[in-house]
Amino acid sequence: MLERILNRRYRKAVLTRLSGQNSNLPLPSRGRTHRLFVMSMFLLMGKLAKMDGRVTKNEIKYASSIMQLLGLSNYERKRAIAYFEQGKKRHSEPAEFVEELAYLIGKGSSLARLFLQIQCRLALVKGGLRLKEKVLLRDLAEILGFQKAQLTSICCELAVELEKKTDNSCSLQKKAYLILQLEPEVEDSEIKKAYLRMMSKYHPDKVVSENLTEESLKELHNRAMEIRGAYEALCGVRKLRV
């Protein structure tokens, strides 16, 4: 009875953390359900990431973000990384662990759906789903208590969400180039030159001797902040030292 109550509390806490509602909510007892959850999560992530023969930085970054949301200790994080590496091996078969996990968290439950969503999101990091990934996700969905149509709906929702983020990112990059008065094809070396040129023109400290009004100084300050933000954004995109 006590184990059932603790399991219910654990499931609710994990759902709250992973859904982003409260990433600092403490997790209760870290028993069998937690061990199976972590093992299944990262075995599958490793398997999905390696299915096309290569694991990208974005896939590793996403897996790391899930470790952080789960609030894993240093030891647990090392175990999660080991599961991820194990999942990358060709003969890795996480299904047996997922079946036991599905029993503990409830087939078709909100947590089971979120678990499936996380795997789908990882598979979409590189773009569209390949056949092998579709087959694995379909089998995973069935184990977790979801129909093929439900899986398709989840994947479509995530694809639209990721596309919007990509569009927003592109828009921000375009704006950054405009602020620094640069063309997107410009050489890396020109980024900092443009930044310094713009700051020498708009930084309040550079024009303090011109007896500007308080409102004008405020506008210059905002402009300087905008230039700095654009510079940092482009340095991030191009992997340049700020």
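At 2% relative accessibility, Ala63 counts as buried. Buried here means under 20% relative accessible area, exposed means over 50%, and partly exposed lies in between, with a 1.4 Å probe and protein chains only. Ala63 is found in helix 3. Leaving out residues up to four places away in sequence, Ala63 touches Phe42, Met45 and Phe84. A contact means heavy atoms within 4.5 Å.

This is a predicted model: local features need pLDDT of at least 70, side-chain atom pairs count only at pLDDT 80 or more, and totals for chains, interfaces and linings use all residues. Residues are numbered from 1 along each chain as its sequence is written, and side-chain values use heavy atoms, with hydrogens and water left out.

## The whole chain

What does the secondary structure of the chain come to? It comes to 10 helices and 0 strands. Helices (H or I, at least four residues) and strands (E, at least two) are DSSP runs, numbered from the N terminus. Along the sequence, the pattern reads α-α-α-α-α-α-α-α-α-α. The radius of gyration of the chain is 24 Å, well over the 18 Å that the globule rule gives for 242 residues, so the chain is more spread out than a compact globule. That radius is taken over C-alpha atoms, and the rule is 2.2 Å times the number of residues to the power 0.38.

The C-alpha atoms fill a box of roughly 75 × 40 × 35 Å, taken along the principal axes. Buried residues make up 37% of the 242 residues. Take the contacts in the chain with a separation of 6 or more: residues 24 or more positions apart account for 70% of them.

The accessible surface of the chain comes to about 15,000 Å². Carbon and sulfur atoms hold 52% of this surface. The areas come from the Shrake-Rupley method with a 1.4 Å probe; for residues, only the protein chains shown count as cover.

The chain has 44 positive and 28 negative charges, and their mean positions are 7 Å apart. Lys and Arg count as positive and Asp and Glu as negative, while His and the chain ends are not counted. Each charge is placed at NZ of Lys, CZ of Arg, CG of Asp or CD of Glu.

## The cores

How many residues does the largest nonpolar core have? It has 51 residues, and those with the most contacts inside it are Phe37, Phe42 and Met45. A nonpolar core is a set of buried Ala, Val, Leu, Ile, Met, Phe, Trp, Tyr and Cys residues joined through side-chain atoms within 4.5 Å. The elements that give two or more residues to this core include helix 1, helix 2 (32-50), helix 3 (57-69) and helix 8 (148-179). Helix 2 gives the largest share, 11 residues.

Neighbours within four places in sequence aside, Phe42 is in contact with Ala63, Ile66, Met67, Leu70, Leu72, Ala80, Tyr83 and Phe84. Another core, of 19 residues, lies apart from the largest one. Among its residues are Ala176, Tyr202, Tyr231 and Leu234.

## Single residues

Start in helix 1 (residues 2-18), where Asn7 lies. Asn7 counts as buried, at 13% relative accessibility. Beyond residues up to four places away in sequence, Asn7 touches Thr33 and Leu104. Arg8 also lies in helix 1. Arg8 is partly exposed, with a relative accessible area of 46%.

Glu76 has its place in helix 4. Is Glu76 buried or exposed? At 16% relative accessibility, Glu76 counts as buried.

Ile179 is found in helix 8. Ile179 is buried, with a relative accessible area of 10%. Neighbours within four places in sequence aside, Ile179 is in contact with Met198, Arg223, Glu226, Ile227 and Ala230.

Gln181 sits in the loop between helix 8 and helix 9 (188-202). At 52% relative accessibility, Gln181 counts as exposed. Its phi is near 55°, a positive value in a residue other than glycine.

| Pair | Apart in sequence | C-alpha to C-alpha |
|---|---|---|
| Ala63 and Ala80 | 17 residues | 9.3 Å |
| Ile179 and Tyr195 | 16 residues | 9.4 Å |
| Glu76 and Arg35 | 41 residues | 9.1 Å |
| Arg8 and Gln68 | 60 residues | 21 Å |
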